[in-house]
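Me: I am new to this structure and would like to be walked through it. Could we take it one topic at a time?

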Amino acid sequence: MALNARSLVTKRAAWTGGTAAAPSKTPAARRSPVDPSSLTDEELDGILMLALDEAGTDIPGLDDCLTRNEQVFAAPAQPSSAQLEGFMRVVEQRGLVKQERPLTWREYLGALLPSR
Amino acid sequence: MSSRTQELNALGAALLPRLRRGEEQAFADFYTVFLGPLTSIGRRLLQREEDVEDLVHEVLVEAVSTLDSFDEQRGTLLGWLVGILRHRAIDRARILRRRYREVVVTRELSDAIEQEDLAASVQDRVDIQELLRELPERERDVVYLHYFLGYPYSDIAERIGISPESARQYASRARDQLRERITEQFDPSGC
């Protein structure tokens, strides 16, 4: 379920790849009033984090930040064949493949020549 | 300018038309290129390796399934993927909190979920994106690395070459500005 129902009805929902979900359990009418003078650092932390989440990828300067801090992409993970097969299976099931991989010369000739 | 990010952005830009044409090999290339970078970030957000693997797989499947919603005029493919990852990590963290008694998500994510009602109330009144846009570059980097990508201040300090205390101060200044913005928008009665 998405974190905040409002994000599902704004233009950002499509941008983040958000999917339809049940309404938030905390509609605006039931929210507690905010007293800015009593906001703790922890509460402000939470507000910032969730604001960033709701913004999806429409976050000002995120690309620049990622560029300046490329170390965040450090893990040199390579997919296992099982992982890649699982992904490709889903891709095929969803009908996303419109053009199959061109045959190599070896495969092409193999298909033409009668098997012995 | 960083070569790794440039490389990922260039690969993403080259893959995009091939993915849109539905080239089979493009999907395999896409998975191979972005699995590592997203796994790196996923490990900052969720603690269990199996949860990270599931999360990254889910994000890559979601991305290719909703590629029509990606607009390259608004950002890079990499940035879009990171945004989806962060969004889905919070969704997953909420599910995991219900499933397990022990803490299996980072403390920061857990705190954020605790503050959900308050955050929603504030966001009704305060344009936090505008605030982020106005933050100086260094403060914004600290905010994004800590609050968005889950890096502890000590790691951020090491990465950008400042002391951990300075990293905390940058975040503190951002919080102060948020507090000021909230104070401006809410009247004393909280209505």
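Predicted model: local features only at pLDDT ≥ 70, side-chain atom pairs only at ≥ 80, totals over all residues.

Me: What is the secondary structure of chain B?
Reply: Chain B has 10 helices and zero strands. Helices (H or I, at least four residues) and strands (E, at least two) are DSSP runs, numbered from the N terminus.

Me: How much of chain B is buried?
Reply: Of its 191 residues, 57% are buried. Buried means under 20% relative accessible area, exposed over 50%, and partly exposed in between (1.4 Å probe, protein chains only).

Me: Which residues touch the most other members of the largest nonpolar core?
Reply: They are Ile47(A), Phe87(A), Phe30(B) and Phe34(B), in a core of 84 residues. Helix α2 (residues 24-45) of chain B gives the largest share of this core, 11 residues. Such a core is a set of buried Ala, Val, Leu, Ile, Met, Phe, Trp, Tyr and Cys residues joined through side-chain atoms within 4.5 Å.

Me: What is Ile47(A) in contact with?
Reply: Leaving aside neighbours within four places in sequence, its contacts (heavy atoms within 4.5 Å) include Leu39(A), Leu118(B), Val122(B) and Ile182(B). Ile47(A) is also one of the buried residues of α3(A), a helix with 11 of its 14 residues buried.

Me: Turning to α9(B), which residues are buried there?
Reply: In this helix (residues 153-160), Tyr153(B), Ile156(B), Ala157(B) and Ile160(B) are buried. Seen down the axis of α9(B), they fall within an arc of 100°, so they line one face of the helix. The arc is that of the directions from the helix axis to the C-beta atoms.

Me: What do they pack against?
Reply: The buried residues of α9(B) pack against α8 (137-148) and α10 (164-185) of chain B. Just after α9(B), Gly161(B) takes a positive phi of about 75°.

Me: Last topic: where is Gln71(A)?
Reply: Gln71(A) is in the loop between α4 (62-68) and α5 (81-93) of chain A. Its relative accessibility is 30%, so Gln71(A) counts as partly exposed. Beyond its neighbours within four places in sequence, Gln71(A) is in contact with Tyr151(B) and Arg159(B).

Note on methods. Residues numbered from 1 in each chain as written. Chains lettered and ligands numbered in written order. Heavy atoms only, no water.
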